[in-house]
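User: Please look at the structure shown below, and then answer my questions with the criteria behind each term spelled out.

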Amino acid sequence: MPSSPQSTPAPVRPWPWWRRHKIVSALLVVVVVAGGLAWWRPWERCGAGMSSAEDQCVGLNLDMTPFSSDPTMNALQQRIAQHNSEITGEDFITVVVLNNMTPDPGSDSAALLNVQHGVMGAIAAQARVNTTSVVGSQRPPVKLLLANYGANARWQSEAVQAILDHRDEQHIVAVVGLGQSLDGTRTAASTLSANKVAVISALASADNMNRDPVSNDFIERFYRIAPTNVDAANAAVSHLREVNAQKVMLVRDNSSSDIYSRTLGDSFEQAYRAGYGHDVPSEQIFTSPSEPLEGVTRDTFLQPQFANVYGRMCLEKPDLIYFAGRGSDLKAFLRAVGGGGACSLPEVDLLTSDDASSLLGGQLPDMPATKVNVFYTSVATADMWKNTDQTDNRANYQAFANAFASQDLDDDLRDGYAMAHHDALLLAVGAARLVSNVQKNNKVVAELINNTYACGHPLPGATGKIAFSPDSHGDPIDKALPIMQLKPDGSIEQKGLTWTNGRPFDEFCR
């Protein structure tokens, strides 16, 4: 028999080198991963100058990395980046706009549209100061940066520290914006001031925004464009007397963190007592959330409280409600009142303050149960000087409106946010350009504001002439407040114009 073939054993293959040299392999894996991370850098998804905090990017946005997926804000950031890139060399100064750049409509009291309008106003102002002599010299040119302190200014310390860290390299001369009166914004203003940074709030109106939250001393380098809540309350009481309101109910927010609502309610109580000689006939309290909500919207959270207020309204039958709360909460209040069921109160007027402008452009809730006519005192609005004899103010507003239009920005200017932010940046730049070698002497800019923009030489703002004195502690002297009616379709109509001291600026501020 033939012999069977011998089977050839399979060749022995050595282990791969990565198995024979496990330590070296592990080190190489680390190097490769580290190299990939160095290229990808996931911890820098927020961009230079910012950090991640609960899925928000907070801090100073040095490279205009998008704050969110919002296309409008992204387009504005790209426009700012383009304007900044046209300024080369070291001969420049920077103004920072600090706000909540990422508001959550479900839980925040800030509206994204208002934030966008504020940025637009700053862009228009940047264009004006760099191409015209609106505040005198056009040198040095001005760059613009945006900073985010998140919802309720919860990450103000991160934003403020980033601003301070980059102050010298970016030649930062002022921080503007700070659009809401909150404990966090007041702390931010105080810290910036303590580090000799000029702070100019566009819209914060709480009476104690200019005081340190710990010592209660006046913040030395704080200024604002908007009238205070005392001013708004005095204007409101004047309006009550004009319309002969007899039975007034105060509905006020007693949130521990929202100093806008808290001081607005206090100011109205004081103004009413001074005007009528007795306390407000009725007062109803609600409490808005001071922390982000989980699994529930701000509106839903407030509905049971507002339903109780509506019950009191049905019993007491006021002819006017003064609402001392946020505009975002006003909409929830109108929903509760308007659809609250059977009630023998068919119609009532409601008056509130400037935060109601956040409702512009959107339909108000249907109100089949009790119709509410909504009025508010505004910081500013488009064409607010049109039907007045204020020729200087009309001309100043028109110059702003022309500059705004030239930038092809999408805002009808009704809510006043663009106007107020524009004026804040003009104020900062006007003072900064008076400082010799301001890039190196940026800590003295704030001192020039009081000395320069006084009654005899006011800033020609879109919101009116703006002046300060040492005694005003950063509050503008005798600002105008338009009285507005907010219609059910979200449109507005100016009903009047009042002044914080009862007389036009040129008559009072001499």
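User: Which residues of H10 are buried?
Analyst: This is a predicted model, in which local features need pLDDT of at least 70 and side-chain atom pairs count only at pLDDT 80 or more, while totals for chains, interfaces and linings use all residues. Residues are numbered from 1 along each chain as its sequence is written, and side-chain values use heavy atoms, with hydrogens and water left out. Helices (H or I, at least four residues) and strands (E, at least two) are DSSP runs, numbered from the N terminus, and buried means under 20% relative accessible area, exposed over 50% and partly exposed in between, using a 1.4 Å probe and protein chains only. By that criterion, the buried residues in H10 are Arg298, Leu302, Phe306, Val309, Tyr310, Met313 and Cys314.

User: At which residue does H10 bend, and by how much?
Analyst: Helix H10 covers residues 298-316, and its 19 residues reach 27 Å from the first C-alpha to the last, close to the 27 Å expected, where the expected span is 1.5 Å times one less than the number of residues. The bend at a residue is the angle between axes fitted to the seven residues ending there and the seven starting there. For H10, this puts the bend at Pro304, with a value of about 35°.

User: What covers the buried residues of H10?
Analyst: The cover is described by contact, which means heavy atoms within 4.5 Å. It includes helix H11 (327-338), and it also includes the strands E8 (248-253), E9 (282-286), E10 (320-324) and E11 (347-352).

User: Is Gln284 buried or exposed?
Analyst: Gln284 belongs to strand E9, and, leaving aside its neighbours within four places in sequence, it is in contact with Met249, Leu250, Val251, Arg252, Val309, Arg312 and Glu316. Because its relative accessible area is 15%, Gln284 is classed as buried.

User: How far apart in sequence are the parts that the pair of Cys314 and Cys343 ties together?
Analyst: A disulfide is a pair of cysteine sulfur atoms within 2.5 Å, and the sulfur atoms of Cys314 and Cys343 are 2.2 Å apart. The link of Cys314 and Cys343 is left-handed, with -130° about the S-S bond. Since Cys314 lies in helix H10 and Cys343 in the loop between H11 and E11, the parts tied together are separated in sequence by 29 residues.

User: How many disulfides are found in the whole structure, and what is the pairing of the bonded cysteines in sequence order?
Analyst: A search of the whole structure finds three disulfides. One of them joins Cys46 and Cys57, with sulfur atoms 2.2 Å apart, and another joins Cys455 and Cys509, with sulfur atoms 1.6 Å apart. Numbering the bonded cysteines of the protein chain in sequence order gives the pairing 1-2, 3-4, 5-6.

User: Why is the disulfide of Cys455 and Cys509 left-handed, and what is its torsion?
Analyst: Cys455 counts as partly exposed at 22% relative accessibility, whereas Cys509 is buried at 5% relative accessible area. The disulfide of Cys455 and Cys509 is left-handed because the torsion about its S-S bond is about -90°.

User: In what order do the seven strands of the open sheet stand?
Analyst: Two strands pair if DSSP finds at least two bridges between them. Strand E3 (residues 93-99) and strand E4 (residues 142-148), for example, pair in the parallel sense over seven bridges, with Ile93 opposite Val142 in E4. The pairing in the open sheet as a whole is mixed, and the order is E1-E2-E4-E3-E5-E6-E7.

User: What is the omega of the cis peptide bond that joins Arg139 and Pro140?
Analyst: Most peptide bonds are trans. Pro140 lies in the loop between helix H4 (112-131) and E4. The bond joining Arg139 and Pro140 is cis, with an omega of about -5°.

User: What is the phi of Asp408?
Analyst: Most residues other than glycine have a negative phi. Asp408 sits in the loop between helix H12 (391-406) and helix H13 (417-432), and it is exposed, with a relative accessible area of 64%. Its phi is positive, near 55°.
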